[in-house]
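Dear colleague,

Please find the structure below, together with its sequence. My notes on it follow.

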Amino acid sequence: MASLITRDEVQSLISQVEQEEDPRLAVKLLADRIAKLNAEGKEVPQEFIVFQNRFVKECIDASQGR
């Protein structure tokens with residue numbers, strides 16, 4: 001069974017990426033953390049996937065001038 005990270009760890013990273021002004025940096029922070037969790041064999045919290053998708057969409061929208 002994959003190990004879980006704590007709710008505090010999830011909230012800490014989510015808080016950090018929400019404060020990031022550049023969505024590209026937020027995507028990088030999330031991608032790095034997701035990769036680390038995968039490498040450690042830990043379960044990736046769904047919140048990380050949701051936020052990563054949100055910030056990727058923001059990057060796409062910004063690049064298209066929306």
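The buried residues of H2 pack against helix H1 (7–19) and helix H3 (46–63). This is a predicted model, in which local features need pLDDT of at least 70 and side-chain atom pairs count only at pLDDT 80 or more, while totals for chains, interfaces and linings use all residues. Residues are numbered from 1 along each chain as its sequence is written, and side-chain values use heavy atoms, with hydrogens and water left out.

Helices (H or I, at least four residues) are DSSP runs numbered from the N terminus. H2 covers residues 23–39, 17 residues in total. From first C-alpha to last, H2 reaches 24 Å, close to the 24 Å expected at 1.5 Å a residue (that is, 1.5 Å times one less than the number of residues).

Buried means under 20% relative accessible area, and exposed over 50% (1.4 Å probe, protein chains only). In H2, the buried residues are Pro23, Ala26, Val27, Leu30, Arg33, Ile34 and Leu37. Seen down the helix axis, they fall within an arc of 135 degrees, so they line one face of H2 (the arc is taken from the directions from the axis to the C-beta atoms). The face turned away from this buried side carries the exposed residues Arg24 and Ala39. Just after H2, Gly41 takes a positive phi of about 75 degrees.

Phe55 is in contact (heavy atoms within 4.5 Å) with Val17, Glu18, Pro23, Ala26, Val27 and Leu30, leaving aside its neighbours within four places in sequence.

Yours sincerely

Methods:
Helix = DSSP H or I, 4+ residues; strand = E, 2+ residues; numbered from the N terminus.
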